[in-house]
Amino acid sequence: MIRTVAASFAPHLASDPKDGAGQSPLGELTANLAAGSDAAWSQFHRDHGPGIFRQLLAASRGDHHLASEALQQTYLRVAKNVKTCDSEAMFSGWLRIVARSALNDCLRRRWSWGKLLNRRAVEPEGPEGQTADEVSLLSALDSALAQIAPEDRALLKSKYFAGADVNSIAEQLSISPKAAESRLTRARSQLRRLLEAVLKSND
Amino acid sequence: MTEKPDPRTRLIADLFHEDWEKGMASDFARSAALQVRRRRVRRRTFLAAALTTGAAAALAILLVRSDVRMGANGNGAVPMIGPAQVQTAAAHPGYEIISDDELIADLRDRPLLILGNKDTGRKFVVLQPRLASTTRQGIEYSQ
């Protein structure tokens, strides 16, 4: 199935990894992914991994064990099929399909085929490839964020929404970077608990 | 133009994987990279083996062909059967047509067994061939 998916993108994907060298940053990244470069895979994990995980977590309705398993399968499939690609939209679309397929295979191992088909029937894909599950996950996150303590919310917002690093947060709060890190960890744990509770209540 | 990612995406990743860039999730990326490298090594090894096998097979075929040519007459020419050889073979058939006188001379004073009858066809077998005879010793004569 993945081969078919990869083949459908074939006209836009160069077969030789060297073809991407010296092209766009994405072309270079994908060429290096195909070459098995550790640095490229770290960059891919940093830049594309969170998006894939979000999609998988939403599709698995908050089952982060299943989402993590599917994430690993997605990476392995990307490793098997990746080719040089210069189009961001095309690469993202391909990743979404690969992730979806990897999750389905993980679900198939757990569920009966009939149950899987029923699930697919009730989850139409939205615009921009964002599924209803993803929209629901993001609104659950917003709802959980609204429920945590204001100082923790401010801390998470400055780290994730304003892009501040731990050192500048520590400076802002006049605490040590280690203390700031530990407060961030606590805030994330609390937010995760709330998010899981919201997702469970949505089900 | 790359679209700016939703900051909530990274927050979600960090919520479930404490250290996204260096924690357990990053192992997935490392093992994927390792898989790619192993696949490339396997592919190269397979190609090298296929090329070596092909070259060895081609060499073996060439050697066998050149052996056949050289073994025939030592000058590389393909051995041909000429008209003289065909004539020689035709001059030594597996039978001989003899005259009645020769037949009578061959059978003189020798016991003869006649098998069959007129309807089924007779077969004449010489029971005690002459020891000195070399050419038609033990010949069966059929009618």
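Visitor: How many helices and how many strands does the secondary structure of chain A come to?
Guide: This is a predicted model. Read along its sequence, chain A follows the pattern α-α-α-α-α-α-α-α-α-α-α. The count for chain A is eleven helices and zero strands.

Visitor: What pattern does chain B follow along the sequence?
Guide: Chain B has both kinds of element: four helices and three strands. Read in sequence order, they give α-α-α-α-β-β-β.

Visitor: What percentage of the residues in chain B is buried?
Guide: Start with chain A. It has 203 residues, and 34% of them are buried. Chain B has 143 residues, and its buried part is 11%.

Visitor: In chain B, what percentage of contacts between residues at least 6 apart joins residues at least 24 apart?
Guide: Take chain A to begin with. Among its contacts with a separation of 6 or more, residues 24 or more positions apart account for 65%. For chain B, with contacts at least 6 apart, the part that joins residues at least 24 apart is 2%.

Visitor: Which residues does L56(A) contact, leaving aside neighbours within four places in sequence?
Guide: In helix 5 (residues 64–81) of chain A, the buried residues include A67(A), A70(A) and L71(A). In helix 6 of chain A, the buried residues include A99(A) and L103(A). The contacts of L56(A) are A67(A), A70(A), L71(A), A99(A) and L103(A).

Visitor: How far apart are the end C-alpha atoms of helix 6 of chain A?
Guide: Helix 6 of chain A has 23 residues. At 1.5 Å a residue, they should span 33 Å. The model agrees, because the end C-alpha atoms are apart by 33 Å.

Visitor: What about helix 5 of chain A: how far apart are its end C-alpha atoms?
Guide: Helix 5 of chain A has 18 residues, so at 1.5 Å a residue it should span 26 Å. The value in the model agrees with that, at 25 Å.

Visitor: And what is the distance between the end C-alpha atoms of helix 11 of chain A?
Guide: Helix 11 runs over residues 177–202, which is 26 residues.

Visitor: Which helix of chain B is included in what covers the buried residues of helix 11 of chain A?
Guide: The buried residues are A180(A), A187(A), R188(A), L191(A), L195(A) and L199(A). From chain A, the cover includes helix 8 (132–147), helix 9 (150–161) and helix 10 (166–173). From chain B, it includes helix 1 (7–16).

Visitor: Is L195(A) buried or exposed?
Guide: L195(A) sits in helix 11 of chain A. A residue needs 20 or more C-beta neighbours within 10 Å to be buried. L195(A) has 26 inside 10 Å, so it counts as buried.

Visitor: How far apart in space are L195(A) and L141(A), C-alpha to C-alpha?
Guide: Setting aside neighbours within four places in sequence, L195(A) is in contact with A140(A), L141(A), A144(A) and L15(B). L195(A) and L141(A) are 54 residues apart in sequence. In space, their C-alpha atoms are apart by 5.8 Å.

Visitor: Is I175(A) buried, partly exposed or exposed?
Guide: I175(A) lies in the loop between helix 10 and helix 11 of chain A. Not counting residues up to four places away, I175(A) touches A170(A) and A180(A). Its C-beta neighbours inside 10 Å number 14, so I175(A) counts as partly exposed.

Visitor: Is helix 9 of chain A roughly parallel or roughly perpendicular to helix 11 of chain A?
Guide: Their axes come within 9 Å and cross at roughly 105°. Angles of 65 to 115 degrees fall in one class. Therefore helix 9 of chain A stands to helix 11 of chain A as roughly perpendicular.

Visitor: Which residues of helix 11 of chain A meet helix 9 of chain A?
Guide: By class, this contact has five nonpolar, one polar and three charged residues. Helix 9 of chain A brings D152(A), L155(A), L156(A) and K159(A). Helix 11 of chain A brings R183(A), L184(A), A187(A), Q190(A) and L191(A).

Visitor: Which element gives the largest share of the side of chain B that touches chain A?
Guide: The contact takes 25 residues from chain B and 32 residues from chain A. On the chain B side, helix 1 and helix 2 (24–73) give two or more residues. The largest share, eleven residues, comes from helix 2 of chain B.

Notes:
Residues numbered from 1 in each chain as written. Chains lettered and ligands numbered in written order. Predicted model: local features only at pLDDT ≥ 70, side-chain atom pairs only at ≥ 80, totals over all residues. Contact = placed C-beta atoms within 7 Å. Expected span 1.5 Å × (residues − 1). Buried ≥ 20, exposed ≤ 12 C-beta atoms within 10 Å, placed from the backbone. Axes fitted to C-alpha atoms, helices over the stretch in contact; angles between N-to-C directions. Parallel < 35°, antiparallel > 145°, perpendicular 65-115°, else oblique. Nonpolar A, V, L, I, M, F, W, Y, C, P; charged D, E, K, R; others polar.
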